[in-house]
Amino acid sequence: MSEFGPVLRKFRKAAGLSQERLAAASGVSVEAVKTLESGRRRHPRSGTLKRLADGLQLAEAQRLELLAAGARTKARVTIPRELPDDVYSFVGREDQVAELEKTFTAKESRPGVVVTSAIGGMGGIGKTALAIHMAHLVADRYPDGQLYLNLGGFGPGRPLTVAEALGRLMDSLGVQGPDDPGDAHEAAARYRSALAGRRVLVVLDNAADAAQVAPLLPGASTCAVLITSRRAMTALPGVAHVLLDVLPDQDGIEMLTRIVDDDRIAADPVNALAIVRLCGGLPLALHLAGARLAVEPTWDLAELVHRLESSRNRLDELSTADRDVRASIEFSLAAATDHDTEAVEAFKLLGLHEGDELNVRVAAALLDLPVDDVSLRLERLVDLYLIESVGPHRYRMHDLVRSYVKETTAALTDQPAREAAQVRVLRLCLAMGWRTRMARFGDDLSEAWYDASWTTGAEQFTVDEIFTWFDEEIEEIIGAVRRAAAGGPQQRAMLARLVLGLLPYCYVRRRHSDGVLLGTTALGVKESADDPFAAALLPFEVAQQCASAGLHVRAVEYMTIALAAPKIRAYDRAYIEAEVFLGHYLVELGRLDEAIASAGRGVEVALRSGDEVAEAEGRLILGLAAGRQGRTVAQNREFDRAVEIIRRLGSPHERYWLLCLAGLSYYEVGRLDESSAYLEEARAAATEDGDEFAVAEALEGLGRVESARGHLDLAEQHLRASLQVVQGTWQAEARVRERLGHVFLAAAHPTEANAQWHQALDLLVRHGSPQADEVRQLLSSTDA
């Protein structure tokens, strides 16, 4: 039997028609005529044969010859072997390969079910490479063939229609299509019939969406399907989903090594790692970077690092004639449906965000849209794998995607619009902070300064809800504060109020280093000094953060500045607390006479104004100083009076603070029974107040007391309970681990002691704390 292509060409030329004229005469597309004549497709559908014969105006004998050449013989069984070659530069993905292997081998336990896996992820993440690699691994399990079809969901041109995709799959299987090429239902039925009873692997690459894929799934459980897409295939039932992330550093280096194919990667591991990280571990970017090096053999790795380090130029560098990171992102945007239009518009403005992770409320403030609307748009972007969901209402972009949206945002907005967006975010944080300050941490000075407009939009949130939000957002907020300090006048003018709204959170969560950073940043802005309330409250509260961080010299400096502020002196309680706190810091520095003088001034004003709680706080400091001086009678007198007042009038928080300090003071002079009693009472007050960090501090103190008593098991129990709360708050965690190490050493467990000290040292070194030297000495003494 003659091949169809030469027969068609013979009749066309005999009729004096060009391919274009035959297409016009027959209603068959030019592309189809070219495909048939070239032999790329040998068996047209019966309807196509009829239209070609009519267009050529063939006689009956000629028509039969054309039909015979295009006919399929039932005796022929086509076994397709269509998998592209495995990718040489494919590396890693061991966990995903194992997961897919498990899915493919699980079919024995799921009779009657078509094994279907969908590999998802952003453009350029390596979905196709993994699918092809996996298909080669399991190909021998599917002896009746392996089909591969690029559905064109994302890329130049339009996606294949369902009918077009079925036509190509049936061609590969040697199946005659329906008379009506557009009858997708009939085509799908013939396709499934052709696969019935056969063991065929179907790879559907680059799918547009679930609607495109669903009709292409076999009905035979003997088959298996691998799908790749930039859109989540959640609408397909029974599909095992594999989500790809970027490559780990070592796999990225291995990929570069394979692509560059010389010794430059191995010879310069530092810059090789820098390239991997500048590419964000994205396989497409790594491929392009490696290709640049491969075609530029005179470049060293440092040259490419230098070119990539400018985020403005990075996307330009990651481009070749046929592949491009920027284009890859744009393919995802171009494939968005009408339902995604608003999401795409939002995406192009996400360059307004300066941080790493994006909270939905922050996004709503940036875009100046309702939170619910923004949430829907962001979730659509997640479905398109343009952004990643890292937690409830929290999102993250790949570094290269962030570079892209910086470009789009710059093109769509001007500087005033960008600054206005940043101001809206600062106002959100300010509202959240002052909602907590006025609800639970108010004072006379703050109440005199406060304006109700400061908390607009945060009225519905509780303090606990806001603190939970701050737990997630604090690193981003710190970044925003730093940028605001270098921003425009409107941002700088808000800074003092914003930071003073955040400092109660820093105190309660024991994030004192963050509190010092935030406070000193605000103090460094001229506008803070221009406001008399800010000029008083900022140094007053920064001093407290410094003291809690162990920076007592700086605490004295800031509290001295606060005492010079007119607004502090205008409010008795603020003045008393400033003198009392200053006295406490002076005690910690051993400047006891100055401490007594300062606390005494506070007590004097408290007595004059009838403020017994403030009097108790002052007497506590007088007692601390007396204890350090060895004046036991004076210490007892001051403590007894302070405790009597605070038990009668103090809030749970005030009781905790005073009783805990008294207990630790008694611990310092070896009066362990009194110390234990006060610390237990402090723990009860903290529990009543619902302050888990205060409970942890009381437990830490009790651990010290029991260790001094020689009750090492009980000391370990208290310290471990404390550690469970403070873990993740680096200063408190390092301190508790150091004390726990002492308990283990006293119990003759040096290995456990060293383990705790090593963890404490790691925390201290990571945060640049000078206390690291003390822990190093502990480790060196046990090693010796």
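Reader: Which residues does Glu-700 touch, not counting residues up to four places away in sequence?
Author: Glu-700 touches Leu-719, Ser-722, Arg-735, Val-736 and Arg-739; contact means heavy atoms within 4.5 Å. This is a predicted model, in which local features need pLDDT of at least 70 and side-chain atom pairs count only at pLDDT 80 or more, while totals for chains, interfaces and linings use all residues. Residues are numbered from 1 along each chain as its sequence is written, and side-chain values use heavy atoms, with hydrogens and water left out.

Reader: Why is Glu-700 called buried?
Author: Its relative accessible area is 5%, and buried means under 20% (exposed is over 50%, partly exposed in between, with a 1.4 Å probe and protein chains only). Glu-700 is therefore buried. This residue lies in helix H37, residues 692–709. Helices (H or I, at least four residues) and strands (E, at least two) are DSSP runs, numbered from the N terminus.

Reader: What makes Ser-676 buried?
Author: Ser-676 has a relative accessible area of 12%, so it counts as buried. Ser-676 sits in helix H36, residues 672–689. Leaving aside neighbours within four places in sequence, Ser-676 is in contact with Leu-702, Val-705, Glu-706 and Arg-709.

Reader: How do you know how H34 and H35 run relative to each other?
Author: Helix H34 (residues 632–649) and helix H35 (residues 652–668) pack at an angle of about 160°, with their axes 10 Å apart. Axes are lines fitted to C-alpha atoms, for helices over the stretch in contact, and angles run from 0 to 180 degrees between N-to-C directions. Angles over 145 degrees count as roughly antiparallel (under 35 roughly parallel, 65 to 115 roughly perpendicular, the rest oblique). H34 and H35 are therefore roughly antiparallel to each other.

Reader: Which residues of H34 and H35 meet?
Author: Among them are Phe-639, Ala-642, Val-643 and Ile-646 in H34, and Leu-658, Leu-659 and Ala-662 in H35.

Reader: How do you know whether the span of helix H9 agrees with its 12 residues?
Author: The expected span is 1.5 Å times one less than the number of residues. For H9 (residues 184–195) that gives 16 Å, and the end C-alpha atoms are 16 Å apart, so the two agree.

Reader: Which residues of H9 are buried, and what places them on one side or on several?
Author: Ala-187, Ala-188, Tyr-191, Ala-194 and Leu-195 are buried. They cover an arc of only 125° around the axis, which puts them on the same side of H9; the arc is that of the directions from the helix axis to the C-beta atoms. On the other side, His-185 and Ser-193 are exposed.
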